[in-house]
Amino acid sequence: MSTTGATADPLAALGSLPGVAESVESVRKAVDRVYGHRIMRRRSNEITSEAALRGARGSAALSGADWALEEMRRRTDFGGDDEARAVGAALRLTAEAGQLLSIWRQSPLRVLARLHLVAAADKADQVGRPRQEGEPVDEPFVELPLPDAAETHGRLEGLAGLVTAGSSAPALVTAAVVHGELLALRPFTSHNGLVARAAERIVLVGSGLDPKSVCPAEVGHAELGRAAYLTALDGYVSGTPEGMAAWIAHCGKAVGLGARESTAVCEALQRGAA
C-alpha cells in the first residue's frame, strides 16, 4: 500500500471505498452478537481460550498444517516435522499476541520482530529482524513477486508510521491493511503468513472491536479457503480501489465467520455440550 499522497489519513480514505462501510457494519453486528450472548457474561475466559486455539488452528491450516482441533488439544510436542512446527508456531503466536497489545501503537516494528522471534523459536541470525538483500524467503503458497529488501524496509517504516500516527479508520480497515501489507512484503525470511495473521488479531483486539479476542479472523480465513485468501490478496497487491475493497471485504467475512464460530461455542456451553 502506498503511504504517500494528498490525504492525511490514507487508512480512513479506504473506509470510503464502495462496499467497505457495509463490511464494517456486518462485522460490528457479528461481534455484537457474540458479546451479547449470555454465556459471555459468565464464562468469557473460556470463550477466549477456545477462540485462541481455533484461531491458531486456522492460521496453521493456511500455512499448510491442517490439523483437527482434538489433535491440537492432545499434542504437547510440536518440534517434529514441518506441520508440527507450523502448528507450534501458530499456538505460540496466539499466546504472545495478547502480551504485545500495549506496545503495538507505540512500536509496531518491535512487535513484529518479537512475533517473528516467537514463531521461529530459534536463534538464527535471520530471526527477529527484516530480511536483508539476497536472503531467501520461505513462505509456502504465497507466490507474489517479492519486493527487494530496500523497498520492504521503506514500506515497513511507512506502515509503522500509519499505526503510530493513529487513524479514524474502522478497525477492520486497519487490520486488513496491516495483514495485507505484511503478506505482500514478506519482510522476514520465514513465517510471514503466521505473523501477518497474528498482527491482524492484535489490531482487532487493541482497537477495542474485539477486546476479549473472541472473534478469531484466522478461523474465517481458513474456512473461506486458501484459494480465496490468495485471490483477495492479489486484489490488495494490485492497489486498485476495487482490489483493496475486495481484500477488506474478505477480511471482514473472515472476522464474521470467527464471530460465528465463537457464538456456536457459546451456545454449546449453554447447552452443557462443551
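Figure 1. His116 has its place in helix 7, where helices (H or I, at least four residues) and strands (E, at least two) are DSSP runs that are numbered from the N terminus. The model is a predicted one, in which local features need pLDDT of at least 70 and side-chain atom pairs count only at pLDDT 80 or more, while totals for chains, interfaces and linings use all residues. Residues are numbered from 1 along each chain as its sequence is written, and side-chain values use heavy atoms, with hydrogens and water left out. With a relative accessible area of 0%, His116 is buried, a word that stands for under 20% relative accessible area, as against exposed for over 50% and partly exposed in between (1.4 Å probe, protein chains only). When its neighbours within four places in sequence are left aside, His116 is in contact with Gln126, Val127, Gly128, Arg129, Phe188, Thr189, Ser190, His191 and Val195, contact meaning heavy atoms within 4.5 Å.

**Figure 2. The largest pocket.** The largest pocket holds about 560 Å³ of space, and among the 26 residues that line this pocket, the closest to its centre are Asp82, Arg85, Asp138, Ser190 and His191. On a 1 Å grid over the protein atoms alone, a pocket is an open set of points with protein on both sides within 12 Å along at least five of seven lines, whereas a cavity is a set of points where a 1.4 Å probe fits but cannot get out, and lining residues have an atom within 4 Å of a point. Grid points are joined across faces, edges and corners, and a volume is the space filled by probe spheres set on the points. Helix 5, helix 7 (108–120) and helix 10 each supply at least two residues of the lining of the largest pocket, with the largest share, 6 residues, coming from helix 5. By class, this lining has 11 nonpolar, 8 polar and 7 charged residues, where Ala, Val, Leu, Ile, Met, Phe, Trp, Tyr, Cys and Pro count as nonpolar, Asp, Glu, Lys and Arg as charged, and the others, Gly among them, as polar.

**Figure 3. The largest cavity.** The structure holds 3 cavities of 30 Å³ or more, and the largest cavity has a volume of about 60 Å³. Its lining is made of Leu62, Ser63, Glu139, Pro140, Phe141, Val142, Leu183, Gly193, Arg197, Arg226, Tyr229 and Leu230. The elements that give two or more residues to this lining are helix 10 (192–206) and helix 12 (226–238), and helix 12 gives the most, with 3 residues. Sorted by class, the lining of the largest cavity has 7 nonpolar, 2 polar and 3 charged residues.

**Figure 4. The second largest cavity.** A volume of about 50 Å³ belongs to the second largest cavity, which is lined by Gly55, Ala56, Ser59, Ala90, Leu93, Thr94, Leu194, Arg197, Ala198 and Glu218. At least two residues of this lining come from each of helix 3 (38–62), helix 5 (82–97) and helix 10. The residues that line the second largest cavity divide into 5 nonpolar, 3 polar and 2 charged.

**Figure 5. Helix 11 and the residue that follows.** In helix 11 (residues 217–224), the residues Ala217, Glu218, Val219, Gly220 and His221 are buried. The buried residues of helix 11 pack against helix 3, helix 9 (171–185), helix 10, helix 12 and helix 13 (241–271). Helix 11 is followed by Gly225, whose phi is positive, near 100°.

**Figure 6. Two loop residues with positive phi.** Most residues other than glycine have a negative phi. Arg186, although not a glycine, has a positive phi of about 45°, and its place is in the loop between helix 9 and helix 10. At 3% relative accessibility, Arg186 counts as buried. Ser213, likewise not a glycine, has a positive phi of about 55° and is found in the loop between helix 10 and helix 11, where Ser213 is buried with a relative accessible area of 13%.
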